[in-house]
Amino acid sequence: MSPDKDRSLIARQHVQVINNWGLHARPSAAIASVAAKYPDCEITLHSDNNMSASALSVASLLMLEAVKGSMIEVEAHGSENAVNAVNDVVEIIQGGFDEEHRVLKGEGINCGIAIGLAHVLLNEPVDIPHYSITKAKIANERKRLSTARAEIKSEFAKLGNNEEDPQFSEFRQLLMMMLSEECFSKTPSALIRQELVNAEWALKISVDKFTEKFAERSSLIWQSRIDEYNLILKRMIDAMTTDSSKCSSKAKSTHIIITSNIGPAEVIEYHRAGYIGVISSGGSKNSHAAIVARSMGIPSILAIDELNLECIKEDTLLAIDSNTGELHIQPTKETVAELRLKAQTDKPTSRRTLRAGKPPRSLSRDGERIYINANIDFMAEIEAAQNIGAEGVGLFRTEFMFLGKETPPSEDEQFEIYSEVIKKFAPLPITFRTVDIGSDKQAAGLDASASSMGMRAIRYSLANPLMFKQQLRALIRASLLGKIFILLPMVTQEQELTLAHRLLKEAAHELDMKDTKLPDLGVMIEIPGVAYILDSLSKQCEFFSVGTNDLLQYTLAVDRNNSQLIQLSNPCHPGFLALLGQIIRTAVKIKKQITVCGELAADPIMVRFMLALGVRSLSMNPLHIENIRDNLREFRIFSHQQLALELTKCRSSEQAVELLDKFK
């Protein structure tokens, strides 16, 4: 090695071999070809079996015996090009040498299969112009800002006006409310004058400052809000510059779009542009984008590592299995055939309840009747719930109407939404949970506590009786249209139930409906202490619903939105299992209906445990209904009752896992 190279920059990077046949002759030749572009660098590959090879020597690379899964360290030194040399070699290895079928994993939305060609729209970091302006330019910059905002407002206005997707009007409304925030109008306009900066930069500073309060929270929900505001920011920046990439630039019925981030507006636009599937490095299966995609029937996979997506070239053959969350890149003919067969097999199943006209009965293997209902966050989820055969709505979260609004919805606005839900599901029952504002769900114009143990849920409603009675009046009016129940969140004591009953009666009296049969009230069990007063609470309520997400959070003192504590949020904790068992057995003993509506209602093994204890009603995200129904058909409830009791008495999480395995 020359003295110059001894003193040169060294670059190193690790990469995994992903192609099925490893570094055989053709891949080795491809690496040598890349290395030859850097004559001033010495590039060496080190395998995990302690062998090394020059990147220029095909023979040496073959001697590495690197197979699929092998880890390779790529090292280069010689000149300032060392870093680029390493990056290029790593990229070609990560790309699988453009010859092999490989699979990436993400979060699927359980919405079928799509096979098509890639249209890559991975977003480069937004290059936001930043420059000073003179006072004479203030008016012009403000006009550019207002024109861009008007253009985006016009785009959003079109999202919910199409007759084929009227259910998305709520998302249009949400986006409109976000766009109406001062961070997109008044604040940047003021900054243009105060700081004498261009409109794009003023807008960026304004939005960044607005979303700072979201960034302080670790919840995925808040991160999703940041992403959605940033998507609007990007739209406005695009509108103010000529560098705007619209998805319609390559809209073909055979293409799957690949993007960095996605919101509900983008999903609707991609669908209308003709794309058959969506792949995104951003988002999650519970995001607004996923809800819209699922309702529109667009197979999508979200939260895939963007570094992996960057290896996909334009028009590469892709296959999406959104049920498993698997993205197949350059799938083999056999894989394509298998997925097409699977698509044909799954399609009738997903629509069978529409043809039948009513949901199927859910029975265990020993003939016990189980009711499987849907949790609904947004109106757009109703169709998915009906298609999959929900037997009603076990939890309709009414707070979505309050989010993104400057003022709470009026009684008439609420009545219209409740009425629409009831009509869509009639004659099936609907359980409406009263507004659960607070903690990770904040609404403009409502001063609820940001603490999960603060002024939120029923506490907030009782502290604001005028707002609460407005919701109760809307629910009472809607109850004339079908069978509904009212669920009270975060109840901790009898006095709260007593006051809720009083306000319900007052609301009926104000409607001159005091003689009308009022909807039954139920209690959501989320607080551990409530487990010990179920008997007394039952005298004032007709049913219980277990919110296992919050119950677990409060039992173990673990913020479920804190990713650093996720390993502590363990449903196999013996204390939690004992508490859950006590709640279920008490409800059965006092003969009160009990529904489980948290995430555990969609866990096949935990469901078996709870059924063996006496639960007969479940409510879950519509995505999981079919899987749970199929799971029940194979389970004998009565032969596992003793095992369930043993599980509530276990001494450790390890013992609990062993016992749960016996439910498989």
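A charge sits over a ring if NZ of Lys or CZ of Arg is within 6 Å of the ring centre and within 35 degrees of the ring normal. In this predicted model, the charged end of Lys204 meets that rule over the ring of Trp201, 5.3 Å from its centre. The structure also holds one cavity of 30 Å³ or more and eight aromatic pairs.

**Charges over rings**
- Lys204 places its charged end over Trp201, at 5.3 Å from the ring centre.
- Arg477 does likewise over the ring of Phe415, with its charged end 4.2 Å from the centre.

**Aromatic pairs**
- The count of aromatic pairs is eight.
- Phe210 and Tyr229 have ring centres 5.0 Å apart and planes at 55°, so this pair is tilted.
- The pair links distant parts of the chain: Phe210 belongs to helix 8 (residues 199–215) and Tyr229 to helix 9, 19 residues apart.
- Both Phe210 and Tyr229 are buried.
- Phe635 and Phe663 form another tilted pair, at 6.4 Å centre to centre and 45° between the planes.
- Phe635 lies in the loop between helix 23 (625–633) and helix 24 (641–647), and Phe663 in the segment after helix 25 (653–661), so their pair ties together parts 28 residues apart in sequence.
- Phe635 has a relative accessible area of 1%, so it is buried.
- Phe663 is buried too, with a relative accessible area of 0%.
- Ring pairs also join Phe184, Phe210 and Tyr229 into a cluster.

- The largest cavity contains about 50 Å³ of space.
- Its lining is made of Phe156, Leu175, Glu228, Leu231, Ile232, Arg235, Gly263, Pro264, Ala265 and Glu266.
- Helix 9 (220–240) and helix 10 (264–273) are the elements that give two or more residues to this lining.
- Helix 9 supplies the largest share, four residues.
- By type, the lining residues divide into six nonpolar, one polar and three charged.

**Helix 21**
- Helix 21 covers residues 574–589, 16 residues in total.
- At 1.5 Å a residue, helix 21 should span 22 Å; its end C-alpha atoms are 22 Å apart, so the two values agree.
- Buried residues in helix 21 are Pro574, Phe576, Leu577, Leu579, Leu580, Gly581, Ile583, Ile584 and Ala587.
- Just after helix 21, Lys591 takes a positive phi of about 60°.

How values were computed. Residues numbered from 1 in each chain as written. Predicted model: local features only at pLDDT ≥ 70, side-chain atom pairs only at ≥ 80, totals over all residues. Heavy atoms only, no water. 1 Å grid on protein atoms, 1.4 Å probe; cavity = no way out; pocket = protein on both sides within 12 Å on 5 of 7 lines; lining within 4 Å. Points joined across faces, edges and corners; volume = space filled by probe spheres on them. Nonpolar A, V, L, I, M, F, W, Y, C, P; charged D, E, K, R; others polar. Expected span 1.5 Å × (residues − 1). Buried < 20%, exposed > 50% of the residue type's maximum accessible area, 1.4 Å probe, protein only. Phe/Tyr/Trp six-rings, centres within 6.5 Å; stacked < 30°, edge-to-face > 60°.
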